Amino acid sequence: MLWRSRVPALGLALLAQACAQPQTNAPAPAPAATGECQQRVIVSFQSAAGSDMVAALATATGVRLTVVSRLLPDTYVLDLAAADCGAALQRLRAAAGVRAADPDTRRHPH
Amino acid sequence: MTQRFSTLVSLAASVALLAVAAHGQELNPVLRQPAAAGDGARVLVKLREAGSTARAQVQAQAATDKVAALAARTGVAIRESHPLAAAWHVLTLDPNQSAADQVARLAADAAVAYVEVDHRRFAHAVPNDPLYNGQWYLQGSPTTPSAVNAEQAWSTTTGSDGVVIALLDTGVRYEHPDLGRADAGGRLLPGYDFVTDTRVSNDGDGRDADPSDPGDFLTSADLATDFFMDCGDPNRPGQPVSSSWHGTRVAGIIGARTNNATGVAGSTWSPWLLPVRVLGKCGGFDSDIIPAMLWAGGIHVDGVPDNPYPAQIENLSLGSTDACTPAYKDAIAALAAVGVVVVASAGNEGGPVDTPASCQGAVGVAGLRHAGTKVGFSSLGPEVALSAPAGNCVNTTPGSPCVYPINTTVNFGATTPGSNGYTDQLNANLGTSFSAPIVSGVAALMLAVNGNLGVAQMRARLQEGASAPFPVSIDPTVPVCHVPASPTDLQQSECSCTTDTCGAGMVNAPGAVLAAARPIAAVVVPGNVSPGQDVAMSAGGSAAACGRTIVSYSWAGDGLKTPPNQSTAIFTAPSTGSVTATVTVTDDAGRADTATIVLTPASASTQAPAAAGAHACRASVPAPLPVTVIVAPGTATVAAGASQTFTATVANSSNTAVSWSVNGVVGGSSTTGTITTAGVFTAPASVTNALAVTVTATWSGDSTNTGSAQVTVNPPAAQAQSSGGGGGGATGLIELAALAGALGLLRRRRGRAA
């Protein structure tokens, strides 16, 4: 964000700081029920996984998951919908066969 | 002293030989030093004396005596001498004796601090770009120790068109005169737009084949939404934010068209730049950035055509503060496996290094002031590989010129694209975003001299060639940088770098190119070892840099059973403990690389590759074929109120999107006729005389790339006469079809009316 000219240095620093805080993507996945939150997440399995693994994960964790795309053989971009997105993410992380589950974080130009 | 002299001679010889070795892929002529530099038998000698100015004057008066005494003690026949300064003398030696021997004798004298050959020097490759003078960061000067001294590196290589550098950013302005499309003599390859969310993309759609930057401005209405509310200027809450043209800025630093008498110079002169759009309004998301990284490196991504121009270097001037995620780690590892190095900026918060620069395997780059200290805004930490200039304005007040900006290409549109131009001291460009592309450009120069460099070698040799140690500020109030203890432990003022905070040193272009020019030692070791076994190893897969050859091998270590100077060797595996073996390969320029192998009773392991590769000289990547737009039919005659469908065929691009206009007006008008986004032209409802209009399809990738058709709109009677007159051939058929279309339209209208 420091490309902006004629802006006081402090402002630049604050702007950069503000803009650099990780934010997560709240997309419009499969319609969520009233009171549900939605969040896009990146889930890595411990080995190559098909979409059946995603379905099994959804069943095992009770989190509604929609496949957005597959990044790597073991890594998916998923949209989750749940009553509590933070708790749902924790359940995904704790699930058997899951190596990592992270929010789809927003990045900014430096 | 002798060692230093030897090093200097070796360095000079290496540079000279490297210049000869550089392969002929440069597009622009540069000044090069002759292969035989021809240093004379003249040396610079400094005597071990110091003192006050008055004493120095006395010493100068006595210089002749001191030189005579030195000659007498060393037996060197000094033909001529004159003082340079106090205790410094230029001596002409006996040309009939060995220069090295005479220098060694002088250097061994107790009164001599050091002896250096009076080397002949040559003008470096200075590009003719008129704004180059403002690009201090590419030059070399004692007052700007962080500058990378690219000129010296350019005397060896200005880069290779066999190297592709991907810039994952906001997209680019293809029409910038210092960048330009690769199919039209410029540097920018077609690339791809990976931004999925239309709120971010600002181009009306998700992923597509057009990575042009439409602007990332934010309106007040944008900033009032949850999605954008954190991206405003905290000093101007709710106020619109102008477009950054960030990708265009980054592109110019890496590889603006150079020595073209226009604008600025790039760090490397002749790379291909692959724009991959991952950022838009208020940044971009990992779910787009990570697949874009894979795609840019030539790895298949579902739903996207494979990249025809896989990059060897990816520049990511982006990030945010959190720990490296497994998805980034996996992506960077997958890219490393196919030889793609990821260069990423550390961040502008003055805190811990952002992701993805913090990820293992990435080349994280921190930002320096001109003086070589950390610039206040740069993030820092042990994840940083090395540092590069990021720009600093040196105590200026708002509105006054910035003294050390990172000048580059830019667009001036506040929102949508406007005119193209360059940043300068009043429109200053600063940030670690612009440190990373300097390193990416230097990495491209390295690949030009040694295309076999893998990711680990690239990183190690960037660090090897870096200038170190970091300068320490002479201002006692400037602290030494420390490793951030937490995300809130910010160092937003200048501090003196350490290797724990700013990496191995300040990127140095000639140092990096020299390091790259060393050969790559490779070793094949057996998979299984048993105690006391004869272990055969081969370094035959080692490779020299472009234009060089391996001339010798040297094995060493306990248990070596075979002659040490062959490409293969046999060691006896130890019964207990471990043994370290090495093999050093040397090329015909005297440059060397060493691989280390650890032998245990059960294994043989090495960090060296099994094979160094076979692409030391990178083959040129051919420029893409020009994109053409052809509209069919090329001519048409249409009755007033009738319609004609046109098709646009875009050749040589996966981006086939066009916009349609009539007489230059997108969508046309009621007086000239209208045209839909599908190319259906509808003539004005009535015309009194024949009307000639031009239907144009404009390629979405380049507004100057168009195809057109000429259309005559006739009053109904004239249309009938024209059709009846029988122009014949295709045109006649088109006219008939148009007439039929018009009749059909009339029927439909009547039907609706009924």
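This is a predicted model: local features need pLDDT of at least 70, side-chain atom pairs count only at pLDDT 80 or more; totals for chains, interfaces and linings use all residues.
Q: How many helices and strands in chain B?
A: Chain B has 16 helices and 32 strands. Of its 754 residues, 50% are buried, meaning that 20 or more other C-beta atoms lie within 10 Å of the residue's own; 12 or fewer makes a residue exposed, anything in between partly exposed, and C-beta atoms are placed from the backbone.

Q: In what order do the strands of the seven-strand sheet run?
A: The order is E6-E7-E5-E9-E11-E12-E13 in chain B, in an open sheet with parallel pairing. Strand E6 (192-193) and strand E13 (384-389) of chain B are the edges, each pairing on one side only.

Q: How many bridges between E5 and E7 of chain B?
A: Six bridges, in the parallel sense, join strand E5 (residues 164-169) and strand E7 (residues 272-277) of chain B. B:Leu168 stands opposite B:Val276 in E7(B).

Q: Which strands does H9 of chain B touch?
A: Helix H9 (residues 286-296) of chain B packs on the sheet and touches E5, E6, E7 and strand E9 (313-316) of chain B. Its direction makes about 170 degrees with that of E5(B). Axes are lines fitted to C-alpha atoms, for helices over the stretch in contact, and angles run from 0 to 180 degrees between N-to-C directions. Helix H12 (residues 455-465) of chain B also packs on the sheet, touching strand E11 (341-345), strand E12 (363-368) and E13 of chain B, with its direction at about 55 degrees to that of E13(B).

Q: How do the axes of H9(B) and H10 of chain B cross?
A: They cross at roughly 10 degrees and come within 9 Å, H10 being residues 326-337 of chain B. That makes H9(B) roughly parallel to H10(B), since angles under 35 degrees count as roughly parallel, over 145 as roughly antiparallel, 65 to 115 as roughly perpendicular and the rest as oblique.

Q: Which residues make the contact?
A: B:Asp286, B:Ile290, B:Met293 and B:Leu294 of H9(B) meet B:Ala327, B:Tyr328, B:Ala331, B:Ala334 and B:Leu335 of H10(B). Two residues are in contact if their C-beta atoms, placed from the backbone, lie within 7 Å. In H10(B), the buried residues include B:Ala327, B:Tyr328, B:Ala331 and B:Leu335. B:Gly339, with a positive phi near 80 degrees, follows H10(B).

Q: Other sheet: what is the strand order, and is the pairing parallel or antiparallel?
A: The order is E17-E19-E20-E21 in chain B, an open sheet of four strands with antiparallel pairing. Strand E17 (550-556) and strand E21 (604-606) of chain B stand at the edges with a single partner strand each, so one side of each has no neighbour in the sheet. Neighbouring strands are turned by 25 degrees against each other on average, direction ignored. E17(B) pairs with strand E19 (residues 579-587) of chain B over six bridges in the antiparallel sense, and B:Ala556 stands opposite B:Thr582 in E19(B).

Q: Which bond is cis at B:Pro356?
A: The peptide bond from B:Thr355 to B:Pro356, with omega near 15 degrees. B:Pro356 sits in the loop between E11 and E12 of chain B. The bond from B:Ala468 to B:Pro469 is also cis, with omega near 0 degrees. B:Pro469 lies in the loop between H12 and helix H13 (499-502) of chain B.

Q: What is phi for B:Asn259?
A: Near 65 degrees, a positive value in a residue other than glycine. Most residues other than glycine have a negative phi. B:Asn259 lies in the loop between helix H8 (246-255) and E7 of chain B, and counts as buried because it has 22 C-beta neighbours inside 10 Å. B:Cys282 also has a positive phi near 65 degrees; it is in the loop between E7 and strand E8 (284-285) of chain B and is buried, with 23 other C-beta atoms within 10 Å.

Q: Over to chain A: where is A:Glu36?
A: A:Glu36 is in the loop between strand E1 (23-24) and strand E2 (37-45) of chain A. With 15 other C-beta atoms within 10 Å, A:Glu36 is partly exposed. Leaving aside neighbours within four places in sequence, A:Glu36 is in contact with A:Ala81, A:Ala82 and A:Ala83.

Key: Residues are numbered from 1 along each chain as its sequence is written. Chains are lettered from A and ligands numbered from 1 in the order in which they are written. Two strands pair if DSSP finds at least two bridges between them. Helices (H or I, at least four residues) and strands (E, at least two) are DSSP runs, numbered from the N terminus.
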